[in-house]
Amino acid sequence: MQIPNFLPIPRKDELWGIVDSTKLQSFCSCPRQFFYEYVLGWRPEASSNHLIFGQAWHEALEHLYRTSFKEVAPAFELFLEVYRKEFPETTDGWFKGKSPQNAMLALVEYAQMYASDLYDFQVLDSEVGGLVSIQDAEGNPSNVREMAVKLDLIAQKENTIFALEHKTGSQCGESWARQWKLSIQIGAYLHALLSAYPDQNVENTSVVVNGTFFYTKERKFLRVPCLRSNAAMLDWLSTVNTLYSRIEDNFYLLSTQSDKDTVLEAFPKHPTACNNYAGCKYHDLCVCVQNPLRLVGDEPPIGYTLFWWNPLESVENSLHAKGAS
């Protein structure tokens, strides 16, 4: 992916050029949000409780599975290690369900509810990631593309390979479960599994979304199995390549523009997405600024900080062809 040279910001080609499902979903939701977050690297200074809590929960569950559910207390210590970097004890009352106290209770309940996992399936790997080919269905060698994918846990049950993907939420229900059926992210997980285990096929490969929901006075758990047909996976491949091409087209258009332009035509706004997830964090910028290139300098705008998303940063094991045992 060609990155314009004129942007007067630190070069991050190795991160700009890495495409993953998070970036594709962001671009699909709103290209201008994608531009702010992944091209300019602008992120709100205030940390997101949902994001940090989710990262801490991942660390705790990974430890639970690595120790066969025998070390709940150390798993919680790992949770706190991640969470306290952003949120000290004085902030614990700010958030309803997603608090450290609730996380401790949820870990105990999780270990009890899913104790049978230790006997139902074999854990093959965890925190696995790498780049997988998303070459188009025609196999055009001039259109070789790669996508970064990270899997929380890979497991095997009899002849079936599946990924167990940990998610946190605030509302457990049908709408939460339905979102995964067409998710770009779920398709990426399945694609990665089929790439890593070439002797598998789509009929015996799946993703299980492992949801934990944090309410003020209780915790709920829900697992959503996601399977797709060969035709559905080809549809997914077509979708991600279409989005990839659109991103490339916008980078090309960006290279033809400058801070002298009245408006930025590249990476256009998508106004119908402004209120998604309690409101876009770039809403005020979009209201006031028609050409963000005029704000590009040594420092981001007030209220934002520079952060470069690396999809493979926390990967512990490489994703490569393994084959099922």
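Modeller: Helices (H or I, at least four residues) and strands (E, at least two) are DSSP runs, numbered from the N terminus. This is a predicted model, in which local features need pLDDT of at least 70, side-chain atom pairs count only at pLDDT 80 or more, and totals for chains, interfaces and linings use all residues. Residues are numbered from 1 along each chain as its sequence is written, and side-chain values use heavy atoms, leaving out hydrogens and water.

Colleague: Is A106 buried or exposed?

Modeller: A106 lies in helix 6, residues 100-113. Buried means under 20% relative accessible area, exposed over 50%, partly exposed in between (1.4 Å probe, protein chains only). The relative accessibility of A106 is 0%, so A106 is buried.

Colleague: Which residues does A106 touch, not counting those up to four places away in sequence?

Modeller: Contact means heavy atoms within 4.5 Å. The list for A106 is W57, T212, F214, R219 and F221.

Colleague: Why is strand 3 largely enclosed by the rest of the structure?

Modeller: Strand 3 spans residues 146-157. It is largely enclosed because the number of its 12 residues that are buried is nine.

Colleague: What is the bridge partner of Q156 in strand 4?

Modeller: Two strands pair if DSSP finds at least two bridges between them. Strand 3 runs antiparallel to strand 2 (residues 122-133), with 10 bridges, and Q156 is the partner of Q122 there. Strand 3 also pairs with strand 4 (residues 160-169), antiparallel, over four bridges. In strand 4, the partner of Q156 is I161.
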